[in-house]
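Subject: Structure for your review

Dear colleague,

Please find below the structure that I am handing over to you.

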Amino acid sequence: MIEISKKKSVLKLENLTIKFGGLTAVDSFNGYLNEGELVGLIGPNGAGKTTIFNMITGIYKPTFGNVIFNNIDITGMKPHVITHLGVARTFQNIRLFSEMTVLENVLVGEHSWLTNFAAQKVLYKHNPKVYRRPKWKPWFWSAVLKTPDYLKMEREMRDHALELLKAVDLERYANLKASALPYGPQRKLEIARALATKPMLLLLDEPAAGMNPQETQELLEFIENIRKRFSLTILLIEHDMKFVMGICERIYVLDYGKIIAHGLPKEIQNNKKVIEAYLGDEVYV
Ligand SMILES: Nc1ncnc2c1ncn2[C@@H]1O[C@H](COP(=O)(O)OP(=O)(O)OP(=O)(O)O)[C@@H](O)[C@H]1O
Ligand SMILES: [Mg+2]
């Protein structure tokens with residue numbers, strides 16, 4: 001049984017539903033994540049997992065239902081606003097700027113953290129007692145004119161990006177083209193870029209895909225490390241059952257857009273519906 005935690009709610013998905021023409025890709029999904037949790041989202045191909053990430057991050061607007069992040073209803077908000085509010089993700093297929101250096105890839109995340117006017121407006125509107133009214137800064141002209149303020153900001157971003165690379169053990173590759181990195185470090189770099197936006201909630205879409213068992217084990221330890229170091233709450237999609245069972249505290253199982261099971265890893269492993277729908281012969285014991 002799942003114990004009801006008294007921890008702060010980070011994410012609530014309420015009756016989340018999306019239809020594409022005649023197909024209901026996600027059907028009344030109800031789920032939650034509390035602060036600091038690492039929760040798995042599993043299910044067969046086409047079950048609707050990535051679509052849930054796309055609704056949380058504002059890429060798709062749900063047909064019904066709500067996404068509540070940090071007690072703010074973010075349903076239908078623009079992706080960049082949601083990023084600034086503290087939600088970051090990685091993609092199923094690695095999406096790096098391959099011609100840019102490793103450091104520049106992280107700086108892309110830093111830039112998005114700076115231009116957060118819209119997100120500050122949302123926070124201020126949500127709770128004017130806690131959040132300050134945002135001040136518009138003409139960053140465009142500061143950048144063109146290279147004002148001292150802008151140069152200072154640029155230095156700070158660079159320092160923060162380097163610090164981040166150090167934290168994820170990629171510092172030695174900082175000036176290498178992203179495309180020159182081996183596969184495992186590329187995945188780590190994508191996570192580092194997501195961390196540059198200073199998220200509270202990190203969504204990882206099949207981070208272990210294409211990795212060998214040793215790389216997968218390293219990734220598992222890596223995720224545990226960054227989770228603690230950056231005080232993250234994590235929702236993880238993954239097909240590698242050993243990985244999922246080894247790292248997740250709770251798991252949602254999706255099949256044809258519907259939750260068919262929710263529970264602790266042990267409960268999920270022994271759930272008949274899950275075995276039938278998803279695990280089949282490959283049941284992990
Ligand atoms: N933009 C779209 N237009 C139409 N159908 C879509 C769209 N996005 C997703 N779908 C459909 O929604 C369903 C769920 O897709 P989704 O990518 O979320 O599955 P998934 O669980 O992530 O699968 P996989 O494990 O293969 O990544 C699929 O049938 C897919 O074809
Ligand atoms: Mg997917």
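The notes below concern the strands and how they pair.

Please bear in mind that this is a predicted model.

I begin with strand β4, which covers residues 64-69. Strand β1 (residues 9-20) runs antiparallel to β4, and five bridges join the two. Within this pairing, Glu 14 has Asn 66 of β4 as its bridge partner. β4 also pairs with strand β5 (residues 72-73), again in the antiparallel sense, through two bridges. Here Ile 68 is found opposite Asp 73 of β5. Together β4 and β5 make a hairpin, with two residues separating the strands. One residue in the turn, Asn 70, has a positive phi of about 55°.

The second topic is an open sheet. Six strands make up this sheet, in the order β6-β7-β8-β3-β9-β10, and their pairing is mixed. Which strands stand at the edges? They are β6 (87-89) and β10 (258-263); each has a single partner strand, so one side of each is left without a neighbour in the sheet. On average, neighbouring strands of the sheet are turned by 20° against each other, with direction ignored.

Yours sincerely,

A colleague

Conventions
Residues numbered from 1 in each chain as written. Chains lettered and ligands numbered in written order. Predicted model: local features only at pLDDT ≥ 70, side-chain atom pairs only at ≥ 80, totals over all residues. Pairing = 2+ DSSP bridges. Helix = DSSP H or I, 4+ residues; strand = E, 2+ residues; numbered from the N terminus. Axes fitted to C-alpha atoms, helices over the stretch in contact; angles between N-to-C directions.
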